[in-house]
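Me: Please take a close look at one helix and its packing partners in this model. I would like the contacts, the geometry and the surroundings in one connected account.

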Amino acid sequence: MRKPLVAGNWKMNGSRAENQQLVSAIHAGAAKISDVDLLVCPPFVYLTQIAEQLAGSKISLGAQNVADQPSGAFTGEVSASMLREAGCSYAIVGHSERRHIYGESDELVAARASQAVQQGLTPILCVGETLAERESGVTEQVIERQLSVVKVLAGMTIFQDLVIAYEPVWAIGTGQTATPEQAQSVHSYIREWVGGGDEALAATIRILYGGSVKSDNAAELFHMPDIDGGLIGGASLQADSFLAIAEAAVGI
């Protein structure tokens, strides 16, 4: 039985005052939600603040990225060990905005995931296709390429220690959402790909959907058999929306 995970990716949003209110409201509402793992991923500069607010709660803390190196002369990067020290247990890697706006390669994403695991963080490995790739019928080939680079770098065993998030790039921040059937088809493919390397792992690995999940479509998406929760963007910035999405994951 895979426990659902609902993760909030705040992206480049927030302030100390806004964070205080948001986390307090999520904290209060989370007490009523059982059997769902909750996670918030604020910008780096707010990690310590949020860690203090989350102390003693069941809500986990994650970062939006992690360096591919353990330490050294890498200006602007933040290492996995630093994130652990700040209170993180998760880190997002390979988000579509990192891949497509900042040009992160499959190899760099794989190295980031590997570093996270080595330092005891759980990477949320994002994969997904662009609209052009979907229209060209190469969605599965894109997903396979992105996953295979991780396997080549770190071996199949790394998938025991990470979460996968399927993000159709064409549905990120556009208001478009894959239909439950479209999302399920790709999630099923991902699980089959993992099963090709480790059948037992395929049954336990959590695969999240990350394409414009909102409170009004979450339940339909989450009740697909291979969708184990969501990586939530804009809707995670409003406590009511985030909690409603989390409630939709109860019992899936």
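Reply: Arg16, Asn19, Gln20, Val23, Ser24 and His27 in H1 meet Gln49, Ile50, Gln53 and Leu54 in H2, where contact means heavy atoms within 4.5 Å. The residues of this contact of H1 with H2 divide into 3 nonpolar, 6 polar and 1 charged. In that division Ala, Val, Leu, Ile, Met, Phe, Trp, Tyr, Cys and Pro count as nonpolar, Asp, Glu, Lys and Arg as charged, and the others, Gly among them, as polar. The model is predicted: local features need pLDDT of at least 70 and side-chain atom pairs count only at pLDDT 80 or more, while totals for chains, interfaces and linings use all residues. Residues are numbered from 1 along each chain as its sequence is written, and side-chain values use heavy atoms, with hydrogens and water left out.

H1 covers residues 16-30 and H2 covers residues 47-54; helices (H or I, at least four residues) and strands (E, at least two) are DSSP runs, numbered from the N terminus. The axes of H1 and H2 come within 10 Å and cross at roughly 30 degrees. Axes here are lines fitted to C-alpha atoms, for helices over the stretch in contact, and angles run from 0 to 180 degrees between N-to-C directions. H1 and H2 are therefore roughly parallel to each other, given that angles under 35 degrees count as roughly parallel, over 145 as roughly antiparallel, 65 to 115 as roughly perpendicular and the rest as oblique. H1 passes H2 in a right-handed crossing. A crossing is right-handed if the near helix is turned clockwise from the far one by less than a right angle, and left-handed if anticlockwise.

H1 also packs against H11 (residues 239-248). Their axes come within 9 Å and cross at roughly 30 degrees, so H1 and H11 are roughly parallel to each other. This crossing of H1 past H11 is right-handed. On the H1 side the contact is made by Leu22, Ala25, Ile26, Gly29 and Ala30, and on the H11 side by Ala239, Phe242 and Leu243. These residues divide into 7 nonpolar, 1 polar and no charged.

In H11, Ala239, Phe242, Leu243, Ile245, Ala246 and Ala248 are buried, buried being under 20% relative accessible area, exposed over 50% and partly exposed in between (1.4 Å probe, protein chains only). The cover over the buried residues of H11 includes H1, along with S1 (5-9), S2, H10 and S8 (229-232). In soluble globular proteins, nonpolar side chains tend to be buried together.

The loop between H1 and strand S2 (37-41) holds Asp35. Asp35 has a positive phi of about 60 degrees although it is not a glycine. Most residues other than glycine have a negative phi. At 56% relative accessibility, Asp35 counts as exposed. Ser212 likewise has a positive phi, of about 55 degrees, without being a glycine. Ser212 lies in the loop between strand S7 (207-209) and helix H10 (218-222), and is buried, with a relative accessible area of 15%.
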